[in-house]
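Try each task before you read its solution.

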Amino acid sequence: MHNQAIGRKTSAMDKVWRVALYAVLLIAAAFYLMPFLVMLITSLKDVEEIRTGNLLSLPASLNFDSWSKAWSSACTGSSCEGISPFFMNSFLIVIPAVLISTLLGAINGYVISLWKFRGSDLFFAALLVGCFIPFQVILLPMAQTLGWLGIANTTSGLVFVHVVYGVAFTTLFFRNFYQSIPGELVKAARLDGAGFFTIFYRIILPVSTPIIVVTIIWQFTQIWNDFLFGVAFSGFDTQPVTVALNNLVNTSFGGKEYNVDMAAAIIAALPTLAVYVFAGKYFVRGLTAGAVKG
Amino acid sequence: MNTKAANSGSGQTQSGRPARRSLADWMPKIVMAPTMIITLVCIYGYMIWTAVLSFTGSRMLPSYNFVGFEQYERLFNNDRWIVALTNLGVFGGLFIAICLFLGVTLAVFLDQKIRAEGAIRTIYLYPMAISFIVTGTAWKWLLNPTNGLEKMMVDFGFVNFKFDWLINPDMVVYCLVIAAVWQASGFVMALFLAGLRGVDGDLIKAAHLDGASTFTTYRRIILPSLKPVFFSALVILSHIAIKSFDLVAALTNGGPGYSSDLPANFMYTYTFTRSQIGLGSASAMVMLGCVLAILVPYLYSELRGERHA
């Protein structure tokens, strides 16, 4: 990339430039890291240390009391059981919603790319709009529908909502991935007498592992981090962890306990952070899949 | 689940030739049917439903006494809505501009054969994995005027340092910008970095042979070729801005007063806690209008581009 002829002449200049480059990159890294570090430090202090110290002053000793309080006894609205029950609620919502929406997306993507029928492209375009509508437009009708179906304020209701509004994205992911599979493959298999599901199960699914991982990670992050549907459609005992965290932070009986707030916030972020750390490559691919087509 | 579906599918197809024929023809439509019904009802049907409600005088419960554009008139005479729309303009504009600037800059810098690039990239992008509620909670603590950044700077010796944006009605919207930029700018960086890695290497070599400096090469050749990435990022960021609801809920709860409300929060408050369903629906329709104004030209050019390719 560097032009060698002038590269030698300007090597001193180059050095200054590289130092500046690294400085900017490291300052940016500090900006992104700082909030998390401050959260972590704050969660390990006691209330007195928070009052007297500042954001970056370290605790005298590691104190995990606020963590256990956030987990099992902090008050979120009217009850004081910590955020653990709501943490579990989130899993009860996320797991079925992710599995169902991924399965539907895989089959839809398979049909749209390899079993085109009249109107399937038009339908795909119509579905794409579903990725982008502001959900405020569907909140009230959905609340009414959930009431009619008898699943208002239930976990199944939330699973239903997340599947309905997640399937547009999962379909998009699988469709873009299956676009690269040659249609002749399916035609040949059909001539050999293989049916719709046999081809899907025997030929398509075995090559789909990367996109399945991407989709599951994307859906997991989206649904775990959701707040709008959680706050609009959940009952008190079916709240996801994001709603409980917001209640915890905004509940003020007596003094404000920032250490407990921070511990609860980190706990609520841990599952998606873990996914990011262990499967970052797929996470990034999911993020860019919709934007940079390929 | 898959195995079962596959078995029952092939079981049926073996029953006879004519049946298999028609079943195979119908199968794609049958398996797509649930999604098609969901899309038609829960996206387009509900959109129309909300549109209809926005022309009614509905309050606590949906009612269908039509009042024409009255709710829209009330909406635009409502100071809180005007504040929310203005906030969206300020927040959206700054959020998008800063994210794009930071994203492009960091991507170009990271593209200079940096040591530990993977680690730095990971650090830049991790906020995107976190919920806006967590982001809001963290920044609420950082920006807190009594114990937050202000106190830290005073402790460091800047005795007159003042930073009370979070409780200042004129400045609170910039707190939303800071937190949102922190969360999303790493993502823009990742988009551009992916784009930079896709630029044709021969093009760059040719420019260098012609004596162009690295800076000129980026400005004249590489960045212009990333126009599609730029537009994608623009659409995604404006979409995030218009939908922003949870960040406000967690960071400011719309306060002080309603000075940091965004349209999404306005809609939620009026529909669900203030029993003004007609007015809430009208605000939702205006939000939809904003999104469509950005989205339709984008999707049109994307789909057309695909057909030509």
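**Exercise 1.** Find which residues of chain B the UniProt annotation "domain: ABC transmembrane type-1" covers.

*Solution.* Start with the record: in an unreviewed entry, UniProt gives this annotation to residues 85-300 of chain B. UniProt positions are in the numbering used here, feature names are shortened, and annotations may be inferred rather than shown by experiment. Next, look at the fold: this stretch is 72% helix and 0% strand, with its end C-alpha atoms 27 Å apart. Helices (H or I, at least four residues) and strands (E, at least two) are DSSP runs, numbered from the N terminus.

Before going on, note that this is a predicted model, in which local features need pLDDT of at least 70, side-chain atom pairs count only at pLDDT 80 or more, and totals for chains, interfaces and linings use all residues. Residues are numbered from 1 along each chain as its sequence is written, while chains are lettered from A and ligands numbered from 1 in the order in which they are written.

**Exercise 2.** Describe how chain B is divided into domains.

*Solution.* Four residues from domain 1 of chain B and six residues from domain 2 of chain B take part in the contact; two residues are in contact if their C-beta atoms, placed from the backbone, lie within 7 Å.

**Exercise 3.** Work out which elements chain A is built from, and why it is more spread out than a compact globule.

*Solution.* First, count the elements: chain A has 14 helices and zero strands. Then compare the radius of gyration, taken over C-alpha atoms, with the globule rule, 2.2 Å times the number of residues to the power 0.38. For chain A the radius is 25 Å, well over the 19 Å that the rule gives for 294 residues, so chain A is more spread out than a compact globule. Its C-alpha atoms fill a box of roughly 75 × 75 × 35 Å along the principal axes.

**Exercise 4.** Locate the "transmembrane region" features of chain A and check two of them.

*Solution.* An unreviewed UniProt entry places this feature at several stretches of chain A, including 91-115 and 199-220. Residues 91-115 of chain A are 96% helix and 0% strand, and the end C-alpha atoms are 35 Å apart. For residues 199-220 of chain A the figures are 82% helix and 0% strand, with 28 Å between the end C-alpha atoms.

**Exercise 5.** Find what surrounds B:Leu176.

*Solution.* Leave aside neighbours within four places in sequence: B:Leu176 is then in contact with B:Phe91, B:Leu247, B:Val248, B:Leu251 and B:Ser260.

Technical notes. Domains from an automatic or database assignment.
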